[in-house]
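These are notes on the model under review. They are set out as numbered points.

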Amino acid sequence: MTDIEFVKKLLRAVLQSSRDGVSLSRLQSDYRDLTGNFIQYERMGYRSLEEFLKTMPSVVRLSNLHGEVRCFAVACQETGHIAELVARQRSSKKSAHAKRLTCHMRVKPASPFMSRGLTPNRHVALVEDLTPTQMLHTQEQLKQLLSKYSSGVWLSKIPQIYQDLFKQNMHPSAVKDLENWTHICCVEKPGRNQIVDRLVYPTGNIPSKPTPMASPPQTKPTSLQTKPSSPDVQTPLLPTPPHSPLVISADDKQKLRKLLEKQSSGLWADSLPNLFQEAFKSELPEQVLADLSVLSDSCVIEYPMPNKEKAILYPLATMEEESPENPVVLPHQCLANSLVPPLLLPVDDYLSVLVVEALSTNSLVIRYIGPAYSQALEAMEDSMREFYVGKKQSMAPCVLLANRLYAVVNEELEVLRAQLCEDVAGGVKVYYVDHGFSDVVGKDKIRRLHEQFLRLPFQTSTCSLAGLSDFHTKSAVLKVLESQVCGHILLAEVVETGEVPLVVLYDTSQKDDININSACLKALQDGSLCNPLTVNSIYLNVSVTHVCPDGTIFCQVPCCGLARLKSLFEKIETFFSSMESSELPVTKPFQGKICLALFEGKWSRVEITETHGSCVVDILFVDLGHPASVKVTELREIPPAFLNDVITIPFQALKCTLEELSGEGVWSAKCFLWLTRNVLHTNCSMKISRLDQSQMVHIYLFSSNSCHELSSSINQQLLNSGCTSPMLALAEHCTSLLAAGDAASLPVATKGLALPLVLHLPQVGQTIEVFVSVACHPGHFVVQVCEDLFKLTALMGDMIVHYNNVQFDEALTVEKNLICAAMVEKNWYRVLVKGVLGNELVCVYELDYGKHELVSSGQLRPLINKFRQLPFQAIVAELADVKLTSWSEESTMVFRYHVEKRTMTALVKSVQDAAFSWDRKLALYLRDKSEDHGDVWLNKVMVDFMCELNKPE
């Protein structure tokens, strides 16, 4: 195979993985992620990547969408089925955590945990500057925000306040430009301790002097030469003008140092001449106050106000002059460090993070992974290496200051941003602000940090683990953090945003996802409270608490933990009976959270296993093995007085399976009901046959404590009945399906229940807000009217609670056009049966969302009258004035990219009515109002795109 054919195959693989196409500017990056190399088009004789791609129309098709060139895969006979699957692919679901994890980042070899090779991605789309329109809009909103904080607000808090106030994210460039908008606000870093943050005041509300409890402000950086054509010519970071007519004698400078040594808290510059006169009986030149930069080699100069009207002078201490045992710590980022913008939390609910340090569950040091974070840092560090390597003399600092930011060149010629901490034997200790660890380097490795490398926020951040604040110092928890968290790339689910986000961490590298928060809680359990399980041992007074349809049973075995648990919950019952039942509500549900819920009128421990929005959750009664779905309002937090005991007692539900009867599939209804009636909530005995690696206990179950002959076991009784075979259960299902007969042409009502009222359609010429739930192509998509979506959300929650908690024993006759409820990916939907297959699969149409799904017949339930009141919400639609008999793959992808899962404004052109809601159709003009440059009419976009597509090449 030639090089060009090999590249074609790899390129097709890259493009087919994206149904929306790949931007030309990002193609090289994606190609490298897959292959490890870039496309070497120059070696093949082409001047640009675009020119190279145009030579292979059988592999890639280039389309210009709103000024951006995007690349789409061209399907061939070998890969046509792949393109079809990609076009139909669904978005990732919550349970598929591994699909959300991003691992493209570069980890520095100096990091203590560096033992893994990770693939970097260096091609990054940098954040664009504000347009004039965006700038005016942002400035007006900032005026409104600051008017509510006349006494000042911390700069790091502004993005979150902005988002809460205006319901939109603040542009990243606005944070950087804030200091320059002096007509809007004034940025000040007050005081003199090590607080890095700055205070922002509305214009006219600036304090007359710095706040004594905060750290001193930074000086505004001097102008730096940043032209790439002459990178060697740089203005020094130390603010000493190269051509100053004022000369201060060395004797006067020495006197100034002595004077400032007695003023450890700083000295206002305007009082310097008088104090100098009193102390030394001599005068400083009057021009000094006009140009303080001449004193930069004798003291530290800081300006509390952006306009530099006042200055504070601090004593200057060099690392060479400090005592290694007791270094003098100077203010953070003094001497003209530019304002580094704060690191903003990514907007996604699931974040890929590298855990740098995990010394406590309340403060994990992490790095975000993604284009705006790890990849942006890699691009900056590449630029730093090109900038600094070979410039040792020109960029070496005159003095070294504690807490100052510098560039450090390590042994591998990597250049990293670092904060200088202290003088130590053999060099200086530095903290790498982007990588979260410290190291000792030689003083000859330190370089002045150029202003252009202060534009990217420091990349280390902190987070805390949800549900573990009360156990953050427990040794068992710290061992889990050390072994499973520190140095690992994990998936973080954000439970609560804030200065320190509250998260749940998942390890998706194993076959099954590991909830780190749950693992920490389980590490706290006292194993000595459990009854040890031994093969061939017999256990008496065993209580069967739950039976699953697949024959799995949950038992409680008498032990110290069970006795203590019963005693503990007697106290908890007394506690709740003496207080209002609405107290201690669960306000932040998340997967793995341990809390309390009622089971048969008594409080019991539960673990949240799935969340359905913010109102409904799936839970597991961990001491009973009983799953359920409840509203969040039915849950209660564990009372603080009992929290430690509730967590340390191991879960009492023992997962078992009957030996000789275990197998895949659903048991027959006859067998399941017999087992439920004869063993559930009765005192039995059991004999352990074996223990497997999946923590399943294989047992023989006996209905009494006296007789333990295998021939009298429950296992043998079920075997003799012959009703436990999964194949028998499957045959029963298939028989019931095939016996349904010919399909009727009308919808089938269940038990005489009527259909819901038909949804009222908008009139011709009416404008409505719609949400596009499904988009196949411009001739067929599905919308929902936004006005009633809150009712649908409430209905979905009620259906989850009902169908997950009600045991359905009666067989449902499945036939075409049956309207019922179906479980699809842990949610319940109102569906119409479109077809019945002979292999236990049923094709259904979701009447509220417009999707077609394949489900098992065992996942269908009758749609009760309570869930038939709300009209079906899905409305089939087509784009008005865009007629075509068949749609190309490119036009389908473009349309889906613009409309699917988005809210649009729709203008109704025509209404095609029908007897049933799923047969009606609207012709719509769709308008997207979310674009900054103005409204976008999708009808025109698609017409223009098809004209461009059909142009002769």
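1. A charge sits over a ring if NZ of Lys or CZ of Arg is within 6 Å of the ring centre and within 35 degrees of the ring normal. Arg404 lies over the face of Tyr406 in this way, at 5.7 Å from the ring centre. The charged end of Arg70 is placed over the ring of Tyr897, 5.4 Å from its centre.

2. On the source: this is a predicted model, where local features need pLDDT of at least 70, side-chain atom pairs count only at pLDDT 80 or more, and totals for chains, interfaces and linings use all residues. Residues are numbered from 1 along each chain as its sequence is written, and side-chain values use heavy atoms, with hydrogens and water left out.

3. Helices (H or I, at least four residues) and strands (E, at least two) are DSSP runs numbered from the N terminus; two strands pair if DSSP finds at least two bridges between them. An open sheet of three strands has the order β4-β6-β5, with antiparallel pairing. β4 (153-154) and β5 (185-188) are the edge strands, each with a single partner, so one side of each has no neighbour in the sheet. β5 and β6 (residues 199-202) are joined by four bridges, and Cys185 has Pro202 of β6 as its bridge partner.

4. The hairpin of β28 and β29 has five residues between the strands, and Gln695 takes a positive phi near 65°.

5. Leu533, Val535 and Leu691 form a nonpolar surface patch with about 210 Å² of accessible area together. Patches take residues with over 30% relative accessible area and no salt bridge, joining like charges within 9 Å and nonpolar side chains (Val, Leu, Ile, Met, Phe, Trp, Tyr) within 5 Å; areas come from the Shrake-Rupley method with a 1.4 Å probe, and for residues only the protein chains shown count as cover. Val535 is in the loop between α13 (516-523) and β21 (538-547).

6. Rings of Phe, Tyr and Trp (its six-membered ring) pair if their centres lie within 6.5 Å, with planes under 30 degrees apart counted as stacked, over 60 as edge-to-face and the rest as tilted. The count comes to 18 aromatic pairs. Phe276 and Phe280 form a tilted pair, 5.1 Å centre to centre with 55° between the planes; both lie in α9 (residues 272-280), four residues apart. Phe276 is buried at 0% relative accessible area, whereas Phe280 is partly exposed at 23% (buried is under 20%, exposed over 50%, partly exposed in between; 1.4 Å probe, protein chains only). Ring pairs also link Phe575, Phe576, Trp603 and Phe642 into a cluster.

7. A salt bridge is a side-chain nitrogen of Lys or Arg within 4 Å of a carboxyl oxygen of Asp or Glu, and 23 are counted. Asp423 bridges to Lys443, the closest N and O atoms being 3.6 Å apart; Asp423 is in β13 (residues 415-424) and Lys443 in the loop between β15 (437-441) and β16 (446-448), 20 residues apart. Asp423 is buried at 8%, while Lys443 is partly exposed at 34%.

8. Arg902 forms a salt bridge with Asp928, at 2.9 Å between the closest N and O atoms. Arg902 lies in the loop between α20 (889-899) and β38 (903-912) and Asp928 in β39, so the pair ties together parts 26 residues apart in sequence.
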